[in-house]
Amino acid sequence: MPSIAFIGLGNMGGPMAKNLLNAGWSVSAFDLSEAALADVVAAGATAATSAVNAASGADVVFSMLPAGKHVKSVMMGDEGVFQTLPAGTLVLDASTIDAATARELHEAARGASLAFMDTPVSGGVAAAQAGTLAFMCGGTGEAFLRAKDVLKAMGNEEKIFHAGPDGAGQVAKAANNMLLAIHMIGTCEALAIGAANGLDPAVQSEIMKASSGNNWSLQVYNPWPGVMEGAPAGNDYKPGFMVDLMAKDLGLANELAEQSDIDADFGKRAGDVYRSLQEQGLGRDDFSIVMKSLAKSLG
Ligand code: NAD
């Protein structure tokens with residue numbers, strides 16, 4: 001049975017680790033939260049006492065942590081996992097982190113003769129549970145072939161992409177989520193204008209889906225309450241995908257735009273919109289809640 005060390009068993013990591021167990025992997029798990037660890041151990045994983053302990057003897061090491069500083073502290077430095085692993089071990093980090101830190105991790109892994117890939121995901125908790133995540137991977141073609149074998153236990157094989165070299169997965173993820181924020185806000189603005197002028201949002205949505213304004217927010221995530229069954233809008237904007245996470249991803253995208261000398265004005269404005277929702281105490285609501293602040297009739 002192939003073995004994997006899984007570090008970070010939160011909302012995403014927990015169900016992903018369970019899918020690896022279901023696919024026949026032996027999972028050695030670690031999380032700072034005892035409750036998160038116990039949940040995955042109950043599903044068949046072995047509890048480790050530290051990240052280094054989890055990684056000891058594993059064929060593959062996998063992390064799903066909040067941000068770059070957590071991944072760096074677990075993997076790099078004198079106390080880090082990298083320096084304990086045998087040469088050639090595959091290490092995958094699926095956390096959403098800044099591309100610069102991802103590149104530092106690649107560099108450090110190379111120094112320790114390890115095969116590293118940044119493999120952030122798209123799809124959220126529901127896709128993590130269903131094993132239908134999309135993965136965008138940065139690193140060598142050789143590491144990608146090895147990574148795909150692991151990732152297909154947690155995602156759709158046709159949605160596992162080799163985005164490009166070191167850090168490219170994180171760049172693809174940040175750019176995608178910036179575009180998602182922009183078209184969600186645009187969709188909300190269009191629906192608010194329609195509703196204020198007597199249009200039925202359901203009818204207007206059908207018109208836009210059949211026209212050039214068609215986009216993912218309209219297709220599967222309609223932000224007007226009741227237009228689409230199962231969308232967070234119909235469940236009082238319970239996530240779904242939290243405003244806090246979108247604000248984090250826009251921070252990463254805007255930082256990247258700045259470092260690349262790109263004036264991503266709409267990305268910056270989207271960042272302002274989501275920061276303002278956080279300031280209003282809506283950080284834990286779904287990111288489509290921007291609809292409520294635009295449409296007076298929803299107030
Ligand atoms: P989470 O906060 O639920 O889980 C993170 C886990 O990491 C927690 O259980 C925490 O205890 C653990 N942790 C933190 N530091 C640790 C350390 N040093 N050692 C071991 N464990 C440690 O977060 P999540 O929602 O699972 O997200 C994980 C990553 O996936 C983030 O980077 C997030 O941006 C990204 N992501 C989340 C979603 C989503 O919808 N939740 C979607 C796509 C991507």
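Begin by colouring the protein by domain: the assignment, automatic or taken from a database, gives domain 1 (3–166) and domain 2 (171–298). The model is predicted, so local features need pLDDT of at least 70 and side-chain atom pairs count only at pLDDT 80 or more, while totals for chains, interfaces and linings use all residues. Residues are numbered from 1 along each chain as its sequence is written, and side-chain values use heavy atoms, with hydrogens and water left out.

**The domain interface**

The contact between them (heavy atoms within 4.5 Å) takes 12 residues from domain 1 and 9 residues from domain 2. The buried area is about 790 Å², and carbon and sulfur atoms give 64% of it; this is the accessible area (1.4 Å probe) that two parts lose on being put together, summed over both. Next select Thr-96, Asp-98 and Met-136, which supply 46% of the area that domain 1 buries against domain 2, more than any other three residues.

**The ligand**

Move to the ligand, which lies between the domains because both domain 1 and domain 2 give residues to the shell around it. Select the residues with a heavy atom within 4 Å of the ligand: there are 24, and Asn-11, Met-12, Asp-31, Pro-66 and Lys-248 come nearest. By class, the shell has 12 nonpolar, 9 polar and 3 charged residues; Ala, Val, Leu, Ile, Met, Phe, Trp, Tyr, Cys and Pro count as nonpolar, Asp, Glu, Lys and Arg as charged, and the others, Gly among them, as polar.

Then display the distances from ligand oxygen atoms to N or O atoms of the protein:

- Asp-31, side chain: 2.6 Å
- Lys-248, side chain: 2.9 Å
- Met-12, backbone: 2.9 Å

Taken alone, the ligand exposes 840 Å², and the protein buries 84% of that; these areas come from the Shrake-Rupley method with a 1.4 Å probe. Now highlight helix H4 (68–75), helix H6 (124–130) and helix H11 (243–259), the elements that give two or more residues to the shell. Helices here are DSSP runs (H or I, at least four residues), numbered from the N terminus.

Finally, select the loop between helix H10 (216–220) and H11, where Gly-240 lies. A cis peptide bond joins Pro-239 and Gly-240, with omega about 15 degrees. Asp-236 lies in this loop, and its phi is near 55 degrees, a positive value in a residue other than glycine. Tyr-237 is also in the loop between H10 and H11 and has a positive phi of about 60 degrees although it is not a glycine.

Terms used. Polar contact = N/O pair within 3.5 Å; in protein donor to acceptor, adjacent residues only side chain to side chain.
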